[in-house]
Amino acid sequence: MFEYVTNNEEETKEFAKKIASKLKIGDVIVLSGELGSGKTKFTEGILTYFGLEQEISSPTFTIVNEYTSKNINIYHFDVYRLADIDEFYAIGGEEYFSKGICIIEWGEMIEEILPKNYIKIKFEKDTNNTNKRILKIETKEDRKN
Ligand SMILES: Nc1ncnc2c1ncn2[C@@H]1O[C@H](COP(=O)(O)OP(=O)(O)OP(=O)(O)O)[C@@H](O)[C@H]1O
Ligand SMILES: [Mg+2]
């Protein structure tokens, strides 16, 4: 586990780009942390790295948004509104895992079906500084990169 502190939205996106450079097909990243903690901004940084820079729509009402480039598919999930894990199965959720890189906001809610080597990033707000975030990064298994 390691921590990374960001002091504004841009720093969170820059950090996401560094993480993105190490990602490959089949990787799953779970983003957790309270509303407005920066999970979607982090996702924007990942998309920018892969040349998929655009105003990203929040998948809050669609569960998953797909972004496709020549080299990679990125699947951005927000499972906050799922009633239970069966709803995730119902949309064929686990079939996405092998097809590209999956970024799953609130993914801890579907922990039992995630591949065991997923990457977890917890976003914490700072009570004294509105733009500070503490990111806690955890990998479930030793990764080669
Ligand atoms: N260090 C920072 N990193 C990321 N976002 C920041 C930071 N400081 C301030 N912000 C602001 O916090 C908000 C984060 O919003 P974002 O949509 O990324 O949150 P979220 O965690 O995805 O929330 P939700 O759970 O509702 O989807 C943005 O308005 C952003 O500008
Ligand atoms: Mg979000």
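**Exercise 1.** Which residue in β7 is the bridge partner of I121?

*Solution.* Start with the ground rules. This is a predicted model, where local features need pLDDT of at least 70, side-chain atom pairs count only at pLDDT 80 or more, and totals for chains, interfaces and linings use all residues. Residues are numbered from 1 along each chain as its sequence is written, while chains are lettered from A and ligands numbered from 1 in the order in which they are written.
Next, the terms. Strands (E, at least two residues) and helices (H or I, at least four residues) are DSSP runs, numbered from the N terminus. Two strands pair if DSSP finds at least two bridges between them.
Now find the strands. β6 covers residues 119-125 and β7 covers residues 133-139. They pair in the antiparallel sense, over seven bridges. In β7, I137 is the bridge partner of I121.

**Exercise 2.** Give the strand order of the sheet, then find its edges.

*Solution.* The sheet is open and has seven strands. Their order is β1-β7-β6-β2-β5-β4-β3, with mixed pairing. β1 (2-6) and β3 (64-68) stand at the edges. Each has a single partner strand, so one side of each lacks a neighbour in the sheet.

**Exercise 3.** Describe the shell around ligand 1.

*Solution.* A residue is near the ligand if its C-beta atom, placed from the backbone, lies within 6 Å of it. There are 17 residues around ligand 1. T12, G38, K39, T40 and N131 come nearest. Helices α1 (9-20) and α2 (39-49) each supply at least two residues of this shell.
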